Amino acid sequence: MSRISEFYGFQDKTFYRSVFKVCLPIAVQQTINFTLQLVDNIMVGSLGDTTIAAVALANQVSFVIMILNMGLCAAGTAFASQHWGRGDVPSIRRTLGLVLEGTGVMGILFFALSQLVPEFLLSIFSSDAAVIAEGTIYLKAVGYTFLLQPIILSVGSILRSMEELKIPTVTTVLGVATNCVFNYLMIFGKLGFPVMGVAGAAYATNIANIVNCTVLLLWTYKKKVPLVTDHSPLFRGMPGYPVRFLKRAIPILGNEALWAGAQTVLVLIYARLGTQMSAAMGIFNVLERIALLFFMALSNGCVVIVGKELGQEHLNTAFTYATRLRRLAISAAFIMGPLVNIIGPMILSLYNASELAKYIVVCNLFTLAIKLPFEAHNFMMAVGVLRAGGDTRFAFVMDSGAHWVLNVPFLLLGAFIIQAPLQWVFAFTLPADLIKMYLGWRRFYSRKWINVLR
């Protein structure tokens with residue numbers, strides 16, 4: 001028992017207080033979000049395979065801008081966490097300004113694309129006219145959320161880096177709950193609303209984002225957190241800092257862009273295998289999030305916990321904390337894999353999908369259980385440890401390289417050259433996880449990822 005305690009550092013109460021303080025609210029938020037989004041997904045899923053596929057493909061466009069925005073926010077969190085460790089609030093505000101500028105530009109760009117060329121964007125993923133027609137309705141309506149996401153994501157990520165977790169947690173949950181309620185009202189025409197179908201799902205998303213953004217800003221100002229009580233400039237000042245920020249942010253942004261591009265290619269490959277495959281992967285992606293919830297919370301918390309120690313130049317403590325977080329992630333994966341295979345089929349039974357689509361999902365869940373320990377380690381390294389230490393260039397090479405050099409070619413090999421059965425195509429993504437884990441393991445113990453950001 002003492003060896004286990006030493007392995008995980010259970011005797012270090014300070015560390016585990018930090019884990020519970022930072023990671024638990026994130027985990028609770030993501031669990032509630034997932035539960036409500038699952039209800040949301042099931043409501044859309046009741047409309048059949050074509051609608052499931054249409055929303056899944058339209059959401060791929062939303063996914064791309066979300067990933068790009070989160071890349072900039074991740075860079076902001078890495079810097080802001082270390083600034084918070086030093087008590088440097090003016091630098092945190094300047095970081096927020098830079099993140100808002102970058103995410104704002106991307107929001108405007110993607111909004112314009114969603115309104116001007118939605119059919120073209122969807123035709124990249126599918127040649128099914130019915131899927132494109134429904135997806136166009138959804139994408140044009142949901143495109144307005146691209147204008148609010150920059151504010152929600154930027155402010156929320158900086159607040160978390162300052163260990164101010166309650167505000168973004170509650171407001172995000174409130175937004176998802178609002179989305180769930182208005183989905184029910186608008187999709188099915190309840191309480192006097194007309195039956196809107198897929199368009200109702202998009203309008204509900206818009207309403208939810210307005211609620212989320214409004215409450216987030218009002219609560220932040222009312223609570224008078226240091227982010228707003230300090231009046232140093234947001235969008236100017238600190239000569240040289242924007243360049244230092246961009247040197248670390250561009251590899252993260254590039255990594256997220258290439259990762260999103262690789263995921264988009266994977267979606268395209270699945271779509272070319274038929275509407276039932278697209279529907280299956282749309283459902284599977286939701287179930288996969290169950291398995292990843294804990295690791296997402298732990299990785300995002302790692303940036304704050306390890307980053308704060310690095311900001312105070314406690315380098316050995318930062319390394320020790322990162323080691324424990326990696327061990328916790330890998331150990332939890334051996335529990336989460338079988339668990340998601342137990343609850344997955346129960347959730348799957350709630351979908352009005354074809355039997356083939358459901359069978360593909362069940363087989364994918366089995367493959368996921370094998371992949372999960374490797375994915376957990378890779379997630380912790382790429383999203384948590386390397387970003388906390390500002391080692392963004394190596395993360396860029398490791399993560400993007402694995403996707404483009406291994407994931408995409410192996411999936412193409414399985415889908416179109418070997419022509420594996422649809423239910424086993426997803427298994428061809430496993431080699432990339434194995435190699436990426438090896439690279440991340442070596443980088444971690446080299447300690448080259450440890451950097452103090454200023």
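Start at the second largest pocket, which holds about 200 Å³ of space. The model is predicted.

**Stop 1: the second largest pocket.** Select Arg-93, Leu-96, Leu-100, Ile-151, Val-155, Leu-217, Thr-220, Tyr-221, Leu-227, Val-228 and Leu-234; these residues line the second largest pocket. Now colour by element. α4 (89-116), α7 (149-161), α9 (198-223) and α10 (226-229) each give two or more residues to this lining. Next, colour by residue class. The lining of the second largest pocket splits into 9 nonpolar residues, 1 polar and 1 charged.

**Stop 2: the largest pocket.** Move on to the largest pocket, with about 240 Å³ of space. Its lining has 13 residues. Select Val-19, Cys-23, Ala-27, Phe-294 and Leu-298, which lie nearest the centre of the largest pocket. Then show α2 (13-45), α12 (275-311) and α13 (315-348), the elements giving two or more residues to the lining. Which element gives the most to the lining of the largest pocket? α2 does, with 7 residues.

**Stop 3: helix α14.** Select residues 355-388, which form α14. Centre the view on Lys-371, where α14 bends by about 50°. Pro-373 follows within four residues. Is α14 largely enclosed or largely open? Of its 34 residues, 25 are buried, so α14 is largely enclosed by the rest of the structure.

Note on methods:
Residues numbered from 1 in each chain as written. Predicted model: local features only at pLDDT ≥ 70, side-chain atom pairs only at ≥ 80, totals over all residues. Heavy atoms only, no water. Bend = angle between axes of the 7 residues up to and from the residue. Buried < 20%, exposed > 50% of the residue type's maximum accessible area, 1.4 Å probe, protein only. 1 Å grid on protein atoms, 1.4 Å probe; cavity = no way out; pocket = protein on both sides within 12 Å on 5 of 7 lines; lining within 4 Å. Points joined across faces, edges and corners; volume = space filled by probe spheres on them. Nonpolar A, V, L, I, M, F, W, Y, C, P; charged D, E, K, R; others polar.
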